[in-house]
Amino acid sequence: MPFLRNVWYVAALDEELGRDMFTRTLLGEAVLMYRKLDGQAVAMADRCAHRFAPLSRGKLIGDNVQCGYHGLQFDCSGKCVVNPHGDGRISAAARVKHFPMVERYGLLWIWMGDEHLADDALIPTYYSHFDSPEWKTVRGSSYQEASYLLIADNLLDLSHDQFLHENFHKKDAFLTTPHDVFQEGTAVVSRREVLCSVASDAFAANLPDPTVLVDQWKIMRWEAPGYFLLDVGVRPSNDPNGAALRKCNAHILTPATETSTTYFFVNARNYQRDDARVDAQIREWQRIGFGEQDKPMIEAIQKCMGEADLFDLNPIFLSVDGAAVRARRQLTKLINAQEAAAAAAPVSAPVAGVIATAP
Amino acid sequence: MPFLRNVWYVAALDEELGRDMFTRTLLGEAVLMYRKLDGQAVAMADRCAHRFAPLSRGKLIGDNVQCGYHGLQFDCSGKCVVNPHGDGRISAAARVKHFPMVERYGLLWIWMGDEHLADDALIPTYYSHFDSPEWKTVRGSSYQEASYLLIADNLLDLSHDQFLHENFHKKDAFLTTPHDVFQEGTAVVSRREVLCSVASDAFAANLPDPTVLVDQWKIMRWEAPGYFLLDVGVRPSNDPNGAALRKCNAHILTPATETSTTYFFVNARNYQRDDARVDAQIREWQRIGFGEQDKPMIEAIQKCMGEADLFDLNPIFLSVDGAAVRARRQLTKLINAQEAAAAAAPVSAPVAGVIATAP
Amino acid sequence: MPFLRNVWYVAALDEELGRDMFTRTLLGEAVLMYRKLDGQAVAMADRCAHRFAPLSRGKLIGDNVQCGYHGLQFDCSGKCVVNPHGDGRISAAARVKHFPMVERYGLLWIWMGDEHLADDALIPTYYSHFDSPEWKTVRGSSYQEASYLLIADNLLDLSHDQFLHENFHKKDAFLTTPHDVFQEGTAVVSRREVLCSVASDAFAANLPDPTVLVDQWKIMRWEAPGYFLLDVGVRPSNDPNGAALRKCNAHILTPATETSTTYFFVNARNYQRDDARVDAQIREWQRIGFGEQDKPMIEAIQKCMGEADLFDLNPIFLSVDGAAVRARRQLTKLINAQEAAAAAAPVSAPVAGVIATAP
């Protein structure tokens, strides 16, 4: 299945990028990223227009990238601005593919589709709390040898908690609660709520009185191509207007290739903001729960499935699959619409920068 | 070339299987095996019907397998018997592929063809002496990065002994004896006999008088797809009714993929049954002779040939190739008959268990 | 792109070959080489005609190769001369592909095209100074995971010196000198000359007076498929008939596969012939400059380009690309002519040695 193109993807956490050149494979392309002297993040294809040397083997000269092979320099827009050879003339074709990049909510967003359609109003707004001092975030990224679709399946069906993560979820009010699955526009939401019960382990330890009865919720929201918001919290049942302990976490999937993914998480909580032990618990969960339980399982499934599409393998479906199946259908619909539009479009003019003019 | 399907293959030695889940790739499929509480061996596809997680990443609950991802449980027939989600309803499609398995002669036999044709009367009977107290067996298995066809070539032409295994066969009456090659039904037999000669090294040490003249034989019998019986022995020439020192060994090849194989050996002898030094010599031969001489040679040939069929590469043929060539022809004939029958068969009804019913 | 076939390739340095069997992949084929008892180098396919065992797993018996599997012996022409089995009869088909090999200038030249066209007069003559006592040579070979075409691009455009090798070329009169590119028959020449200037580092240290003004030249000559002669030197400007300090180096590329290459260098100088420090400097350059700067860059480009042809990727062209582009065109022309001739040729008779005659 092709990737959805005209959409923002997360390319990196903001702390991953500095004045060193940084590369990551995104949607099948090697992408070079770095910060300009003023701190602005830029992204372009990691290959020189001349002989296809990875630009990341060169160096930064101010805001420009100098190719390490023959010394061509490209500015932040991908345009060649220095040719140290011969008369120094620079053909208009001498440019590398440039990708719009926006820094927002501590994340670096990249646009790998039609550059004319890049509009930062399209960046999801529901991660804006990451910027607020009322929330403490713990963040990270990792590489998975599995399709983003399989990781989405995992995130959209948390019923696996009681099996794959049984050590983490010994006492969890949600284990047997039915999911309420519905769509909001193109988003798919899976919601579980439990009223008047003892708080699950994750929150109980942070309540003034762990035995007080609480209303609890766990709401996973998915939006194409791979944005997730997990809203989970508790509020004393006897005080509906009282303060809630709450996490509003991002899980974000950016395809590296069709069968590999960079996974970003931002865990945001509105309680115990200065407690390093809670930070450590979150990191421990990511390291063990995600890293040693989810990741090897999902990668084993990828290996088992090979290049095949899930639906072509005739899987059986369970009641807990509702959200994952809806999300896959929604994504397929968006990709099919993109492909139909591309097929209907007039043949585009040759792309500037890739016309060969031999000497 | 497709695999012969409606035939029993050896999946494991009986001691390889216990209450831990055990997996092996057989005929291109990942197969899960384990013993039930009553000791009976069972086999099924190592992938859950739901999201294709390897079942071997889960655990046994009594005689059932619980998938480690979402907790579905399958019984020994591959049928889903526990769905811990929602109303717990289980669709008839919720089953994993089950393979008939029979334990006989210390070997675990699997049927990966049409389940209705599985008949344990089809298991070769000529390994039955492994169960007899008159024979002592030494057994093992190993994995080879080569087609079972190339290993069969090796086993059916033991003239390589004097070159590849020259250190083991310094004095061997058979080195220059012509092979008598013939067919018995679908079996191919390669027989060498030497009358009134000094026993070859392997036996001489176990004769009361190593210098006595003996009649010796070495008979390799092949049957499709990869069963071998090597009958080798000596009997004093002056006592035709006397006791023979004899080995009746199994070499059994089970394709893992088209270019890899699990090789099983059972070395059975009717002499020095309690002599641990003879056991050690046999293991030494398997380790050095087979492991360090045959295996790297055969794997190098596989690498050299790539995916090509032997005959398509126009090999030259020697007098010693008779048995190997006949066996390949016999196997090809059986596979062609299988494919022709499959092509002529009416389109089969959809296989139970793989019909998708989306929520 | 197919390889040019009817041409001599360098298979090895003469010191690489002795009485041990030596193998190297050349033009996609595993080639076995060794020296006969009289020292003559021979080459043949490294696979037995019988069951395709690599002959290099066997042993030399005098001038013959004995296959390590079934003991067939082949003489230096690839003809089977000993069949130890049955009546010992040897079919005319029992031969392995033989490749003409000539030792010249300290290099072992192999002919992998039509054997009838092999003519040692076609071996380039411009490496003959390697045999002269007036030149001191330092030689080596290495394996590159890149097409010989990409390495040729590198050698034909030394303008990369100032970027990729900036530590070696701090002061180099040639950095900004235009290339004079022209063809001589099928050869492509790239020449730079600088008159009346201070010698570049490489030579200055070896001049009696490093500050004397000199005329300097750097001439790279390429000939298909991958022969290079780099003639670089200085001569005092005030003494046009004076002695020149000069290097006349060979760089020779022999494809291993379409995307890998064996690279040979012979560095020949006519000065400081007994100075081990100069030898060490040359080896240092090969180890660092070529090994740690050129090689990883070229291999990264290969990885970036995959199987694609350079021109199909629409590279931009610079003034410094003239020689490389001309060489690629020249080579393409020669290969196209070869393919056209092959297509027009009458169907050839079956090749002796590959006709199967089954028992």
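**Note on strand β4 of chain C and the fold of chain A**

1. In chain C of this predicted model, strand β3 (residues 29-35) and β4(C) run antiparallel and are joined by five bridges. Strands here are DSSP runs of E with at least two residues, and helices are runs of H or I with at least four, both numbered from the N terminus. Two strands count as paired if DSSP finds at least two bridges between them.

2. Within this pairing, Y34(C) has V42(C) in β4(C) as its bridge partner. Five residues lie between the strands of the β3(C)-β4(C) hairpin, and there G39(C) takes a positive phi near 95°.

3. Strand β9 (residues 98-99) of chain C is also antiparallel to β4(C), with two bridges joining them. Here M44(C) is partnered by H98(C) of β9(C).

4. Chain A has five helices and 18 strands. Its C-alpha trace spans about 80 × 50 × 35 Å along the principal axes, and 42% of its 359 residues count as buried. Of the contacts in chain A (C-beta atoms, placed from the backbone, within 7 Å) between residues at least 6 apart in sequence, 56% join residues at least 24 apart.

5. Residues are numbered from 1 along each chain as its sequence is written, with chains lettered from A and ligands numbered from 1 in the order written. Local features need pLDDT of at least 70 and side-chain atom pairs count only at pLDDT 80 or more, while totals for chains, interfaces and linings use all residues.

Notes: A residue is buried if 20 or more other C-beta atoms lie within 10 Å of its own, exposed if 12 or fewer, and partly exposed in between; C-beta atoms are placed from the backbone. Two residues are in contact if their C-beta atoms, placed from the backbone, lie within 7 Å.
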